[in-house]
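Biologist: Could you walk me through how the labels on this model were assigned? I would like to see each value beside its cut-off.

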Amino acid sequence: MPEQTPDESISPAGAGGVMDLALEEGTTLEKTPGGPEGTGPAEKPRSLWSDAWRDLRRNPVFIISALIILFLVIISIWPSLIADQDPLNCDLAKAQQGSQPGHPFGFDGQGCDVYTRTVYGARNSVTVGVCATLGVTLLGGVLGGLAGFFGGWWDSILSRLTDVFFGIPVVLGGLVFLSVVTSSTVWPVIGFIVLLGWPQIARIARGSVITAKQNDYVQAARALGASNSRMMLRHITPNAIAPVIVVATIALGTYISLEATLSFLGVGLKPPAVSWGIDISAASQYIRNAPHMLLWPAGALAVTVLAFIMLGDAVRDALDPKLR
């Protein structure tokens, strides 16, 4: 009886088993996501914003500063949630008195409740900071972005104009500009900050746009016939706005302190408006006899400015690719 070769020894059932095994392996490979070697699912590339948000959520500095700012925004909109008295309701018989039941911060020189005025003072300070930042970012971002994109004479005019505004001292300009304003609202202060604050954002936006428009995807869009508006809105702005956001976030705290400084000097917000700067100015002459009058509004101002600066630093670290 002749010997069987290895090929002849495989029965039909065995051949079927081998084929079934091969089919099972093929099905397994098809179900396994990822590359050809089954190394795992291929992740979708994350954008700069998704990476920044992931880093911010893990940053305790961002979380703490964001919670403080959220609390300030809430009491700015609804101060009656934690202060049930009128900040303008004063009693001269209680002037300069310290802490009492129902009045934890004591009274100021006019007999007004310091706690209530500190809470209500957050509204004007946060309003000035947020509105001024929005106005500065919008005006400076548009002017700087257009100058960086088009260049030429527009860029030259803007550069010389920013040099002129940078040469104006902020405090001195406020003393001159706001001294002729009699309004006690926040809008003259906001307008002044926007007037002198936009050149910084304009320079940042200009440099960022000049860098972004040299990238290959912008050149490809230009070669395909994309219009200037489409390139600015779809390709350049999303990739050039990060530095502007960082600078604007840090500057917000600076604008709040600038409002307090101008109010302290008597040219910012004026009574009967409630402001931390006004209260600090009024308490400065009683610092020896009643230091609590100065402590609480100054402490609230310091915490607010510090929270916005910390938030800006966290956003800067998250959006700066060099720090990754």
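**Helix packing and a disulfide**

Modeller: Gladly! Helix α3 (residues 60-77) packs with helix α12 (residues 292-319) at an angle of about 135°, their axes 8 Å apart. This is a predicted model in which local features need pLDDT of at least 70, side-chain atom pairs count only at pLDDT 80 or more, and totals for chains, interfaces and linings use all residues. Residues are numbered from 1 along each chain as its sequence is written, and side-chain values use heavy atoms, with hydrogens and water left out.

Biologist: Why are α3 and α12 called oblique to each other?

Modeller: Angles under 35 degrees count as roughly parallel, over 145 as roughly antiparallel and 65 to 115 as roughly perpendicular, with the rest oblique. The angle here is about 135°, so α3 and α12 are oblique to each other.

Biologist: Which residues of α3 and α12 meet?

Modeller: With contact meaning heavy atoms within 4.5 Å, V61, F62, S65, I68, I69 and L72 in α3 meet V303, T304, A307, F308, M310, L311 and A314 in α12. These residues divide into 11 nonpolar, 2 polar and no charged.

Biologist: What makes C90 and C112 a disulfide?

Modeller: The rule asks for a pair of cysteine sulfur atoms within 2.5 Å, and those of C90 and C112 are 1.6 Å apart. The torsion about their S-S bond is about 70°, so the disulfide is right-handed.

Biologist: Are C90 and C112 buried or partly exposed?

Modeller: Buried means under 20% relative accessible area, exposed over 50%, and partly exposed in between (1.4 Å probe, protein chains only). C90, at 33%, therefore counts as partly exposed, while C112, at 4%, counts as buried.

Definitions and conventions:
Axes fitted to C-alpha atoms, helices over the stretch in contact; angles between N-to-C directions. Helix = DSSP H or I, 4+ residues; strand = E, 2+ residues; numbered from the N terminus. Nonpolar A, V, L, I, M, F, W, Y, C, P; charged D, E, K, R; others polar.
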